[in-house]
There are 2 protein chains.
Amino acid sequence: MKIALAQINPTVGALDNNSQNIEGIIQDYSPKCDLIVFPEMCLTGYPPQDLLMETAFIAKTAEALKNIAAKVQETPVILGTIRQVEDKLFNTAAVLQNGEVIVCRDKTHLPTYDVFDEARYFVSADSRMPIELRVHGKSVKLGIEICEDLWDKDYETKVSRELVHAGAEILINISASPFHLNRLDERLDIIKDKSIDLKCYFIYCNLVGGQDELVFDGQSCVVSPSGDLVSLSPAFREDIQIMDIENCESVNRPKFSEEKQIFHALSLGVQDYFVKTGHKKAVLGVSGGIDSALTAVIASDALGSENVLGISMPSIYSSDHSIKDAKALAENLGIDFQIIQIKKINEQMLEDLSPVLNGSQGGLAEENLQARIRGNILMAAANKQGALLLNTGNKTETALGYCTMYGDMAGALAVISDLNKSQVYAVSRWINEDAGEEVIPYSSITKPPSAELKPGQVDPFDYDVVSPLVDILITEPERAHELVDEGYTLELIEDMMKKVRLAEYKRRQAPPGIRISPKAFGMGRKYPIINQFEA
Amino acid sequence: MKIALAQINPTVGALDNNSQNIEGIIQDYSPKCDLIVFPEMCLTGYPPQDLLMETAFIAKTAEALKNIAAKVQETPVILGTIRQVEDKLFNTAAVLQNGEVIVCRDKTHLPTYDVFDEARYFVSADSRMPIELRVHGKSVKLGIEICEDLWDKDYETKVSRELVHAGAEILINISASPFHLNRLDERLDIIKDKSIDLKCYFIYCNLVGGQDELVFDGQSCVVSPSGDLVSLSPAFREDIQIMDIENCESVNRPKFSEEKQIFHALSLGVQDYFVKTGHKKAVLGVSGGIDSALTAVIASDALGSENVLGISMPSIYSSDHSIKDAKALAENLGIDFQIIQIKKINEQMLEDLSPVLNGSQGGLAEENLQARIRGNILMAAANKQGALLLNTGNKTETALGYCTMYGDMAGALAVISDLNKSQVYAVSRWINEDAGEEVIPYSSITKPPSAELKPGQVDPFDYDVVSPLVDILITEPERAHELVDEGYTLELIEDMMKKVRLAEYKRRQAPPGIRISPKAFGMGRKYPIINQFEA
């Protein structure tokens, strides 16, 4: 039996374009295989969020499904979409054959945690039964499940097992499973366990592409009843694999470094954000520091260096090497580069603002003032060129609030906001190693990080200590007080916890950031601003 | 039987302070009544969002509950909190008596729509039974339910009915029910229906106070078995009423104008945002226009005029009357007032930005530049004084994207962002009428609205047409194409729908705004930025 895994990259809401893409694949691949499998909700794109509450959206999706079905001939198609029955909405796998939707199988487990919100929209399947399909003269019993149905550890209903016990010979999981670091290993482990335990082939078809904060990595796969990986689609791009499950050999599970995973995830996230919102050009501030350097490299990879403009905005506190490093980076990448001094603007602002600055000359207000002048310059450049501003902040500073609202926090998309400072360094070093040359200037990697907003300023954190600590506080807050045993002082831990809590009001207005960790700021972490809890 | 309705204003996460407040009330009121009822989750504050995923938060709440229970004597107390049983978390009503938590009743219906997210945190009650309580020698059967359990129209389980059928003599609902316009009438209608239908007293105890975007209005009440309203606590403030249900008279259902409801809701929302985040002073831009004028009045009411600073920032396009109106407003309110010219700063920016402005002198980039200079000035003033910047944008312009990120969209809190432009005018007129004098300058109300960012500019919308239209598109998008029958042109409808969709990226970075409608932007409306759906 030959199964085509259509790992596609749809756009949320683009029903016409998504349909066209799906129909093209059906037309091309139907003659070559016995079954075509598409990912979860690939007709609507995932997640469509509150579009799922619009009657027009539901109706037009149903119409689009019917039109696709009309073009399906003998080779059956499994396609992820939605279906409404009376006032109930299901996340469903539609099975299409001979011009019709012949049956649907609904999702049982609706993830409602982290970035997932499915209980807001959907109701659970009320039963789970295999379907019997006639494929090119032969009959086969398929157990169809959807994404979370695989991850059944914390649920009472074990969907995969129920399906096999009810006669399914092959399990098919259609997913829209977003990437985070080393997610592939977690997936392959659980699929392997299920295949061995239930003694059947496991077909897993995942979405690919960027959607706001999320990146879907694809990496669709097939695992044999003995637990061997026999097919693995590529990461971070559209791909269609035909798998003959009666005639296959095992393949090695690949081992990608974390730095490589991060780089390609972020590049796709940037690329799709631009393509899917109809933009081409990016602007970013390049300070000579490591964060903006890494962001510029990712942007160049995603958009082409000809579409990237880096602007250096030295203040009176900026060192010569800052401008030099920024310029070297731009030259290495071949991106456009401008230098705009902020000295005179800042002086004029300080003069005209004297009635509200109370005659004082230094302090946080004056530092932020400069950061916001830079934000304004960058937005003006972006507005004038129809470009999007890329934000260059990292997760550690975003966590601690070491950033200025409307200043360095400005931007349409935060490219590296889910990377802690240590990861920023690691990926930067990997880029140079991978390229075999200095893409990011070595001095950007080796010099101490600084916002250069006052004389001799360097970032007030030892990032080697603080980066991993802050990550733990965000991902596993329950471990906070155990961390004393791991060598952190109680004072530092409590100070960091407080900073994370108090910076919530800043993050509420932060640009969407591309998620690469299991717990990113943004849609998956919902904390109140008014919050007086001290753990 | 005398029941005390303790309509309190807790702070999310402030377990110690909330406990103290609750214990003080228990001490004071226990001798005077037979039962004290507190609102839903008033020990934790509502909604605590992802604090509910922290083990320390759950443990400390449990400890706080035990400490409160230890101080309860014979007079029983019903208190809204959370409880964990193995890995399940419940939203619960704890019943305290004689030093102990004697029983808990869990919430059945977990709202997961609009601003509510309860399926993310809680599991539903698995059973519903009345409790039998001995109160000062007598025995009474109480049916305890929580908030959404009352609103059972779309749920199969009818909690109130089940409880009465199982023997409950009195229904008690503890709520954290946020305000929106005319919400009181909706509540009293359904409570009246339930009381008459089930032939019992209905005791309803609601939270009061502001929490980020939400304002809880209180207005706790008691309705008799004949459907008469016999007690109604005040709106928008803490209050404790003792109700003797064997000895009560009906009271009139009050009728507050929408303008009055809005004004008091927003004033409490502002006040609590400041008090609960530890701030005192506010800064805002006062342009002479109606939006900033209304915001200034609300801020003065909430914080005291001595804590409000209005800054007028005329550009070369600003008319004389703008400054005059802004000044008159400040004088009427008695707030601090400063004028800061942006002309020179703007000129300096245009000069230094010439490499990225391509030599052009006018256009959106240049308009936004001025708006962002103003944002920077306001933030500098706020930073210097330890004040919070109030945002003055309204819902119509926020919907359509007629606003500048990091410019007029800056601010810690958006005061009137859930008021359409027509409501802004209506509340402004009501303020002057209510005061019997010109608080908001009449010319701010009568002149055409303008951003004054280019010569002779006025807002490009007929707000009388567009304000209600945009409201419908947000609240009831399914009606979009019917609106042609109501006199709107298809072209206008589709243009407005497109503008709302394309402005999503701006709103994602907007300050939290106080919700006064059933569908506000913010936590209750989750739309993707990448969204190509055209209805």
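First, a definition: a salt bridge here is a side-chain nitrogen of Lys or Arg within 4 Å of a carboxyl oxygen of Asp or Glu. With that cut-off, six salt bridges are counted between chain B and chain A. Keep in mind that this is a predicted model.

Let me show you one of these pairs. A:E366 and B:K384 meet through their side chains, at 3.1 Å from N to O. Polar contacts next. There are 35 residue pairs in polar contact between chain B and chain A, counting pairs with both residues at pLDDT 80 or more.

Which parts of chain B supply the side that touches chain A? Several helices and strands give at least two residues each, among them helix 1 (15-29), helix 5 (258-277) and strand 16 (308-312) of chain B. Helix 10 of chain B gives the most, with 14 residues. By class, that side of chain B has 43 nonpolar, 24 polar and 22 charged residues.

Now the extent of the interface. In contact are 89 residues of chain B and 89 residues of chain A. The size of an interface is often given as the accessible area lost when the parts come together. Here about 7,400 Å² is buried between chain B and chain A, and carbon and sulfur atoms give 58% of that. Three residues, B:K384, B:I530 and B:F533, supply 11% of the area that chain B buries against chain A, more than any other three.

On to a sheet in chain A. This open sheet has six strands in the order 5-4-3-2-1-14, with mixed pairing. Strand 5 (100-106) and strand 14 (239-244) of chain A are at the edges with a single partner strand each, so each has one side without a neighbour in the sheet. The twist averages 35° from one strand to the next. Strands 1 and 2 of chain A run parallel, joined by three bridges. There, A:I3 stands opposite A:L35. Helix 2 (residues 55-70) of chain A packs on the sheet and touches strands 3, 4 and 5 of chain A.

Last, chain B. Another open sheet of six strands runs 6-7-8-9-12-13, again with mixed pairing. What stands at its edges? Strand 6 (131-135) and strand 13 (229-232) of chain B, each with a single partner strand. Strands 9 and 12 of chain B pair in the antiparallel sense over three bridges. B:I203 has B:V222 as its bridge partner. Helix 4 (residues 183-198) of chain B packs on this sheet, at about 150° to the direction of strand 9 of chain B.

Notes:
Residues are numbered from 1 along each chain as its sequence is written. Chains are lettered from A and ligands numbered from 1 in the order in which they are written. This is a predicted model: local features need pLDDT of at least 70, side-chain atom pairs count only at pLDDT 80 or more; totals for chains, interfaces and linings use all residues. Side-chain values use heavy atoms; hydrogens and water are left out. Two strands pair if DSSP finds at least two bridges between them. Helices (H or I, at least four residues) and strands (E, at least two) are DSSP runs, numbered from the N terminus. Axes are lines fitted to C-alpha atoms, for helices over the stretch in contact, and angles run from 0 to 180 degrees between N-to-C directions. Contact means heavy atoms within 4.5 Å. Buried area is the accessible area (1.4 Å probe) that two parts lose on being put together, summed over both. A polar contact is a pair of N or O atoms within 3.5 Å; within protein, one must be able to donate a hydrogen and the other to accept it, and residues adjacent in sequence count only if both atoms are side-chain atoms. Ala, Val, Leu, Ile, Met, Phe, Trp, Tyr, Cys and Pro count as nonpolar, Asp, Glu, Lys and Arg as charged, and the others, Gly among them, as polar.
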